[in-house]
Structures are given as structure tokens and as C-alpha cells.
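Please examine the sequence and the coordinates shown below.

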Amino acid sequence: MVDEIIEICIDKCDENGEILRQDPQVTPLGCFIRNYTVNDSFNGLDTLNSPSRPGLIFLDPYTNQNSKIIGYCIKHCIDLKFNYSAIENGSNCRCGYANALQSYIQVDDNTCNLSCTMNTLTGTVTYLCGGKEAYTVYKAEIQYYTPPYNVTIEEKLDIMYNVDKNPNYRGCIQDEKFCGKRILSSSCLSAESMTVDACIDNCRKGNYKYAGLEARAQCFCGNSYDSMEGLLGSGYCSASCPGNNSQICGSIWALSIYEVPINSIDSHSNHKELVLKVSLGVSISTL
């Protein structure tokens with residue numbers, strides 16, 4: 001049993017009702033364009049695709065509704081153990097290893113003429129996010145976002161591929177980014193030792209039917225959700241659980257959803273129970 005303070009998640013919203021995020025507080029390394037005379041070295045996401053893991057697909061570039069959020073792209077690259085992240089044309093996210101810039105040429109910053117603005121808990125912030133065929137490159141590092149540890153990328157990919165072998169796993173589901181519209185909205189706790197087992201146990205204690213893990217450290221509970229609307233591929237739930245890196249705890253705006261078994265004996269091993277102390281904390285969204 002792990003004796004730890006866990007925090008109640010509280011979403012704060014902007015005037016449009018959108019959930020506020022943390023400011024990633026990052027500085028770009030510069031603006032880069034591709035040198036087409038050599039093979040692309042910023043193709044890290046594509047290198048993760050393998051015939052041995054059919055169905056686990058990584059798009060390169062990675063683009064969805066969150067790609068204009070710089071922190072989202074960087075966290076996606078951190079989750080998959082990359083060294084660099086890059087944004088092109090305001091929305092295309094790419095990840096690369098230490099050699100990522102070998103086939104790229106640094107150019108004047110004005111070539112990356114697009115900016116991405118977002119409302120955060122500390123105010124409105126703007127970051128450079130590339131241009132047409134121009135990449136704003138960032139290190140895959142955010143101070144408050146811990147990368148996976150004690151697991152190789154191949155081990156992690158196998159974990160992601162085999163996640164549906166857990167009989168209680170129900171899929172990777174896109175969460176809503178507006179206050180009051182979370183997919184599982186009955187309860188939320190956050191802890192830096194979060195595991196799948198701890199989340200399931202927490203939801204069981206509240207007599208909830210489903211447990212959902214998101215953004216690596218958050219645990220949501222609820223009794224119903226639309227199992228088809230917002231269904232994502234396994235590659236979209238890529239965040240390792242901080243309390244057990246052999247498990248996956250969703251991703252940014254993506255829930256790893258489990259049906260809560262009736263008895264704790266049905267839950268998988270590596271259990272760490274989260275205990276509420278008297279000094280209960282309150283956590284603002286860490287997306």
C-alpha cells in the first residue's frame with residue numbers, strides 16, 4: 001500500500017467553456033526546412049510502425065484537433081521517448097530522435113510564420129508553430145511532464161499493442177475538452193503514482209461501472225459512455241502510468257477506459273492503492 005496524497009481534479013474554463021491547460025513554457029530551437037537530397041531523419045513516428053504489431057498505427061505527421069497546441073505535440077513525443085518535436089504548418093506534429101535534424105537546414109525564424117495561441121491557467125500564450133514546409137523545432141521536454149522510465153521503446157510498444165488483452169479494457173476514447181462534458185464526469189482524482197489498478201479500485205469504491213485514465217496521472221469514473229463515438233486507435237493512448245510504466249494511462253484528451261470488475265481479485269497485478277490523507281489536495285487540469 002502506498003500512503004500518498006491524491007488530488008481532486010478541478011477543471012477551470014475560459015469564457016468559451018474550454019478547459020484551460022498548463023503553459024508548457026518551452027523555447028523553440030529554431031526554424032528548419034527539409035533537405036530533400038538525403039533521407040528524412042525526423043521520421044520517428046513512422047519508424048514505430050511494425051508488421052509485428054498490426055493495428056498499432058502511428059501517423060507521421062500526427063494531426064488531430066489538439067495539434068495546434070504546442071504542449072500536446074511535445075507531450076506526445078515525450079510519451080514515445082523521442083528527443084525532439086516539431087510543428088509544421090500550424091498543425092502537423094512530428095517526433096524525432098537525437099539525429100532528427102541531420103536532414104534539416106536551419107533558416108531564418110521568419111520562415112516559420114505561423115503562431116499558435118491558447119488560453120492557459122496563467123493567461124493567453126502564443127508559440128511559433130512552423131509554416132508551410134517549415135518546422136518549428138522544440139526539445140521533447142516539459143518541466144512538469146515526466147517521461148517514461150525503466151522501459152525501452154520496444155517494450156512500451158508491446159505494452160500498447162497488448163493492452164486489449166486485459167479483459168476489462170474497453171478502448172481508447174477521445175475525451176471532451178469543454179467543462180461539464182467529460183466522457184466520464186462523475187469523479188476525478190490525480191496522483192503522481194497513478195496506475196490502472198489504483199484507478200479501477202478508486203472507481204469501485206465509488207460504485208462506478210467504468211474507470212478512465214487520462215494524461216498519465218488522472219483517474220475518471222462514471223457509469224456510462226458512448227463506446228463508439230470518439231473511439232481512437234491504440235496509438236493515441238500512449239502515456240505510461242507514472243506508478244507503473246508497464247501500464248498505459250491514456251494520453252492528452254484520450255481515455256484508457258476499463259470496466260470495473262466486481263471483485264478486486266479480478267484486477268491485474270502491480271496494485272498500488274491510493275490513500276487519501278486528511279490534507280486532501282486540489283489539482284487543476286494538467287493537460
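**Disulfides and model confidence**

The disulfide of Cys172 and Cys237 is right-handed, because the torsion about its S-S bond is about 90°. The structure is a predicted model, and in it the sulfur atoms of Cys172 and Cys237 lie 2.1 Å apart. This pair links distant parts of the chain, 65 residues apart: Cys172 belongs to strand S9, while Cys237 sits in the loop between strand S13 (231-232) and strand S14 (240-241). Cys172 has a relative accessible area of 2% and is therefore buried, the cut-off for this class being under 20%. Cys237, with a relative accessible area of 3%, is likewise buried.

Another disulfide joins Cys73 to Cys93, with an S to S distance of 2.1 Å. The link of Cys73 and Cys93 is right-handed, with 80° about the S-S bond.

Cys13 lies in the loop between strand S1 (7-10) and strand S2 (30-34), and Cys179 in the loop between strand S9 (169-174) and strand S10 (187-190), so the pair ties together parts that are 166 residues apart in sequence. The accessibility of these two residues can be stated individually. Cys13 has a relative accessible area of 29% and so counts as partly exposed. Cys179 is also partly exposed, because its relative accessibility is 28%. Partly exposed denotes the range between the buried cut-off of under 20% and the exposed cut-off of over 50%.

The confidence of the prediction remains to be considered. The mean pLDDT of the protein chain is 88, and 88% of its residues reach 70 or more. Over residues 265-273, however, the pLDDT is below 50, and this stretch has 23 contacts in the model beyond near neighbours in sequence. Residues 275-282 also stay under 50 in pLDDT, and for them the model has 20 contacts beyond four places in sequence.

Definitions and conventions:
Residues numbered from 1 in each chain as written. Predicted model: local features only at pLDDT ≥ 70, side-chain atom pairs only at ≥ 80, totals over all residues. Heavy atoms only, no water. Helix = DSSP H or I, 4+ residues; strand = E, 2+ residues; numbered from the N terminus. Buried < 20%, exposed > 50% of the residue type's maximum accessible area, 1.4 Å probe, protein only. Disulfide = S-S within 2.5 Å. pLDDT = per-residue confidence, 0-100. Contact = heavy atoms within 4.5 Å.
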